[in-house]
Amino acid sequence: MKVIHIGLMRSMPDVPKPVILCHGANLESFGFFQRNGVREMLTTFSRIIVQRIRPGQRITVEQEQMNEYQVHVHVRADGLAGVITADLEYPARVAFSLLAQLMDDFVNAAPGWGKETR
């Protein structure tokens with residue numbers, strides 16, 4: 001069981017594509033010359049999925065290009081979205097628990113998150 005990518009994004013209807021707030025990837029299992037391409041594909045695929053999900057929804061999607069990985073996505077009502085890309089052995093329940101904890105930690109560390117400033 002391994003996680004290769006975790007990211008937090010801001011997804012709002014007024015923004016054409018989700019904004020990456022933070023992300024990290026463990027690409028040691030890929031060749032040196034493949035890593036940039038894999039990182040770009042993970043980021044792009046994450047943005048596309050987050051953009052298509054309604055707030056409050058959680059889903060798991062299997063990547064077609066990388067058959068041995070699934071992407072777990074949770075978009076909260078306040079526009080905060082979390083994404084984990086992991087292998088097929090990684091339990092979805094654990095991935096969504098980790099996403100919930102990461103998003104709660106982010107909201108607690110960023111006072112005023114989700115509040116519109118005028």
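**Entry 1: a pair of partners, and the sheet**

I began with Leu8, whose bridge partner in E2 is Cys22. A note on names: helices (H or I, at least four residues) and strands (E, at least two) are DSSP runs, numbered from the N terminus. I am working on a predicted model, in which local features need pLDDT of at least 70 and side-chain atom pairs count only at pLDDT 80 or more, while totals for chains, interfaces and linings use all residues. Residues are numbered from 1 along each chain as its sequence is written, and side-chain values use heavy atoms, with hydrogens and water left out.

Strand E1 (residues 3-10) is joined to E2 by six bridges, and the two run antiparallel. I looked up the rule for pairing: DSSP has to find at least two bridges between two strands.

E1 and E5 pair in the antiparallel sense over seven bridges. Gly82 of E5 is also the bridge partner of His74, and seven bridges join E4 to E5, again antiparallel.

How many residues of E5 are buried? I counted eight of the eight, so E5 is largely enclosed by the rest of the structure. Buried means under 20% relative accessible area, exposed over 50%, and partly exposed in between (1.4 Å probe, protein chains only).

E4 and E5 form a hairpin with four residues between them. In that turn, I noted that Gly79 has a positive phi of about 95 degrees.

Is Ser11 buried or exposed? Ser11 has a relative accessible area of 15%, so I wrote down "buried". Leaving aside its neighbours within four places in sequence, Ser11 is in contact (heavy atoms within 4.5 Å) with Val50 and Gly79.

**Entry 2: helix H1**

Val50 belongs to the buried residues of H1, with Val38, Leu42, Thr43, Phe45, Ser46 and Ile49. What covers them includes E1, E2, E3, E4 and E5. I also checked the length: H1 has 18 residues and reaches 26 Å from its first C-alpha to its last, close to the 26 Å expected at 1.5 Å a residue. The expected span is 1.5 Å times one less than the number of residues.

**Entry 3: helix H2**

Which residues of H2 are buried? I found Ala95, Phe96, Leu99 and Met103. Seen down the axis of H2, these buried residues fall within an arc of 95 degrees, so they line one face of the helix. The arc is that of the directions from the helix axis to the C-beta atoms.

The buried residues of H2 pack against E1, E3, E4 and E5. On the face turned away from the buried side, I listed the exposed residues Arg93, Asn108 and Ala109.
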